[in-house]
Amino acid sequence: MDCLFCKIIAGEIPADIIYHDDDVLVFNDINPQAPVHKIIIPKKHIATLNDITEKEAPLIGHMLLVAKNIAHELNIADSGYRTIFNCNSDAGQEVFHIHLHLLGGRKMHWPPG
Ligand code: AMP
Ligand code: ZN
């Protein structure tokens, strides 16, 4: 499958992987938008958030728990952090394999651009 993140999972493209378990992989974003910018992906290919069903609810919950644990490990849990799923073009989704952005280490703005 011609999917960048599936290729990272398969080890065909290198990434700065900081965590993995049976279901997810976490790596540093190649173009970080904050001092902490991690990408959390499921090992299973799902193109967009529109494609999730009730069956994926535990997986999506697990991705958020992993984000929380990494935020604690990196000492940004108390200062704060942002978690984002971009879906399709208006949100700026560029890689069509769902991923959770974990951003922190600086003050975020609201509303987002
Ligand atoms: P999105 O715009 O939500 O689809 O986000 C895709 C993210 O993946 C962007 O923040 C990119 O900087 C990041 N990205 C793209 N290619 C790579 C790569 N090879 N390794 C790590 N991060 C990547
Ligand atoms: Zn994929």
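This is a predicted model: local features need pLDDT of at least 70, side-chain atom pairs count only at pLDDT 80 or more; totals for chains, interfaces and linings use all residues.

1. The largest pocket has a lining of 33 residues. Those that lie nearest its centre are Asp 29, Gln 33, His 37, Ile 39 and His 101.

2. The volume of the largest pocket is about 900 Å³. By residue class, its lining holds 16 nonpolar, 11 polar and six charged residues.

3. Which elements supply at least two residues each to the lining of the largest pocket? They are helix 1 (4–10), helix 3 (88–91), strand 2 (24–28), strand 3 (36–42), strand 4 (81–84) and strand 5 (100–104). Helix 1 contributes the most, namely three residues.

4. Ligand 1 is surrounded by 14 residues. Asp 29, Gly 92, Glu 94, His 99 and His 101 are the closest of these. Asp 29 and His 101 are also among the residues nearest the centre of the largest pocket.

5. For Asp 29, a polar side-chain atom lies 2.5 Å from an oxygen atom of the ligand. For Glu 94, the atom concerned is a backbone N or O, at 2.6 Å from a ligand oxygen atom. For His 99, an N or O atom in the side chain is 2.8 Å from an oxygen atom of ligand 1.

6. The sheet is open and consists of five strands in the order 1-2-3-5-4, with antiparallel pairing. As background, strands of a sheet pair through backbone hydrogen bonds, in either a parallel or an antiparallel sense.

7. Strand 1 is joined to strand 2 by a hairpin that runs through three residues. The two strands pair in the antiparallel sense over three bridges. In this pairing, His 20 has Leu 25 of strand 2 as its bridge partner, and Tyr 19 stands opposite Val 26 in strand 2.

8. Two backbone features deserve a look. Most residues other than glycine have a negative phi, and most peptide bonds are trans. Asn 75, which is not a glycine, has a positive phi, near 60°. Asn 75 is found in the loop between helix 2 (57–73) and strand 4.

9. What kind of peptide bond joins Trp 110 and Pro 111? The bond is cis, with omega about 0°. Pro 111 belongs to the segment after strand 5.

Note on methods. Residues are numbered from 1 along each chain as its sequence is written. Chains are lettered from A and ligands numbered from 1 in the order in which they are written. Side-chain values use heavy atoms; hydrogens and water are left out. On a 1 Å grid over the protein atoms alone, a cavity is a set of points where a 1.4 Å probe fits but cannot get out, and a pocket is an open set with protein on both sides within 12 Å along at least five of seven lines; lining residues have an atom within 4 Å of a point. Grid points are joined across faces, edges and corners, and a volume is the space filled by probe spheres set on the points. Helices (H or I, at least four residues) and strands (E, at least two) are DSSP runs, numbered from the N terminus. Ala, Val, Leu, Ile, Met, Phe, Trp, Tyr, Cys and Pro count as nonpolar, Asp, Glu, Lys and Arg as charged, and the others, Gly among them, as polar. Two strands pair if DSSP finds at least two bridges between them. A residue is near a molecule or strand if one of its heavy atoms lies within 4 Å of it. A polar contact is a pair of N or O atoms within 3.5 Å; within protein, one must be able to donate a hydrogen and the other to accept it, and residues adjacent in sequence count only if both atoms are side-chain atoms.
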